[in-house]
Amino acid sequence: MSVVTRAEKGRVYLVGAGPGDPELLTLRALRLLESADVIFHDDLVPDEVLALANRRALITSVGKRCGRPRITQAEIHTLMVNSAQAGQSVVRLKSGDPLVFGRAGEEIAALRAAKIQFEVVPGVTAAFAAGAALSLPLTDRKSASKLILCTGHHAAEKQSTTPLWTGTLPEDATVALYMPGRDTARIAAELAAAGLPSDMPCCAISHAATPRQSFVTARLEGLSTLVCGPAPLLLLVGRAMEPLFAVESDARELMPLIERADAGLRDES
Ligand SMILES: C[S@@+](CC[C@H](N)C(=O)[O-])C[C@H]1O[C@@H](n2cnc3c(N)ncnc32)[C@H](O)[C@@H]1O
C-alpha cells in the first residue's frame, strides 16, 4: 500500500530543504511542498526548491540575512501560529536539516505554547552535502572517530567573547564549522589554542551541492590567509580531509570529485 503525504490543515511542518540541490529533498519534503497552503522559508532556500511548491501556495521569505533582521523570530512564530489557527497547512522551510543551527527549538516551543500540531521533516545538512561533494568520508576508522558540528555564530549577547571551542579539541575528530564568518585568522588561532596541530588539514567549501560549489584547502598554519569562497560557507577541519592534500595541486583534477553536468566542483586554492 502506498501512502501519499499531503500537508494537513491547521498543522505546521518544520521541513529541511537540504543544501540547495532540489534533488536532495526528501520525498516527504517534496510532497509537503506540493500540497501546503503556506510556505515560510529562509534566505538559503533557492528558487529551484521553491519552484516545486504548489502554484496556489502563499510563499513568504522570513530570512534574516547577515544577521540584519527584516523580520524578528517572534514575528515568524506569530506568522506560523496565525496561519495554522486560520486552518491553513503550513510548511516552515529551512535550509539543510531543520534541527541543525536553525532556531527550530524556539519555533517548536512557540508552536507547543499555542497548542499547534507540528511535525519535523529532516533534511540533508550542509556537512553531509559537503562530504558528498568532496567524495570524502567525514569519519575514518583510522583517523576520525568523531564528527563535531559546531558554529562560529553565537547568540548576539555572547558573540564577542564566546570561543569556537572551550577546552581541547580531540585530534581524531572532523570538525564541521557552520557560519564560520570571514575572520580566518581568528578561527585559526582558536583552533590552535584548542590544541590542533599546525599541519591539520582544513577545507572551506562554498555553496556545496549547488552549481556554484567550490572549495579551497590549507593546513591550519595557512588558514589565516586562506581566501574562502562566498557564503554559504562551511569549514571542515580534520585528518579526514587529508586526501585533499595527497596529490600535487596541479594534479588535483584527477581526484574523484563529483562530476555532474549541472554542478561542477572547482578547487580554487
Ligand atoms: C543558519 S545555518 C543553517 C544550517 C542548516 N540548518 C543545515 O543543516 O545545513 C546556515 C549555515 O549553514 C552552512 N550551509 C548551509 N548550506 C550550505 C551549503 N550549501 N554549502 C556550504 N555551507 C552551507 C553555512 O555555514 C551557513 O552559514
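## Loop between β4 and α4

Arg103 sits in the loop that joins β4 (90–94) to α4 (104–113); helices (H or I, at least four residues) and strands (E, at least two) are DSSP runs, numbered from the N terminus. Arg103 is not a glycine, yet its phi is positive, at about 55 degrees.

The model is predicted, with local features needing pLDDT of at least 70 and side-chain atom pairs counting only at pLDDT 80 or more, while totals for chains, interfaces and linings use all residues. Residues are numbered from 1 along each chain as its sequence is written, and side-chain values use heavy atoms, with hydrogens and water left out.

## Loop between β9 and β10

Pro232 belongs to the loop between β9 (214–219) and β10 (233–237). The peptide bond from Ala231 to Pro232 is cis, and its omega is near 5 degrees.

## Ligand shell

The ligand is surrounded by 17 residues, the closest being Ser95, Val100, Thr125, Met179 and Leu233; a residue counts as near if one of its heavy atoms lies within 4 Å of the ligand. The shell comprises 12 nonpolar, four polar and one charged residues (Ala, Val, Leu, Ile, Met, Phe, Trp, Tyr, Cys and Pro are nonpolar; Asp, Glu, Lys and Arg are charged; the others, Gly among them, are polar). Because domain 1 (11–121) and domain 2 (126–267) both give residues to this shell, the ligand lies between them; the domain bounds come from an automatic or database domain assignment.

## Polar contacts and cover

Polar contacts here are pairs of N or O atoms within 3.5 Å. Nitrogen atoms of the ligand take part in two of the listed cases: a backbone N or O atom of Pro19 lies 3.0 Å from a ligand nitrogen, and one of Ser95 lies 2.9 Å from a ligand nitrogen. A polar backbone atom of Asp97 is 2.9 Å from a ligand oxygen. The protein covers 89% of the 570 Å² of accessible area that the ligand has on its own (Shrake-Rupley method, 1.4 Å probe).

Methods. A polar contact is a pair of N or O atoms within 3.5 Å; within protein, one must be able to donate a hydrogen and the other to accept it, and residues adjacent in sequence count only if both atoms are side-chain atoms.
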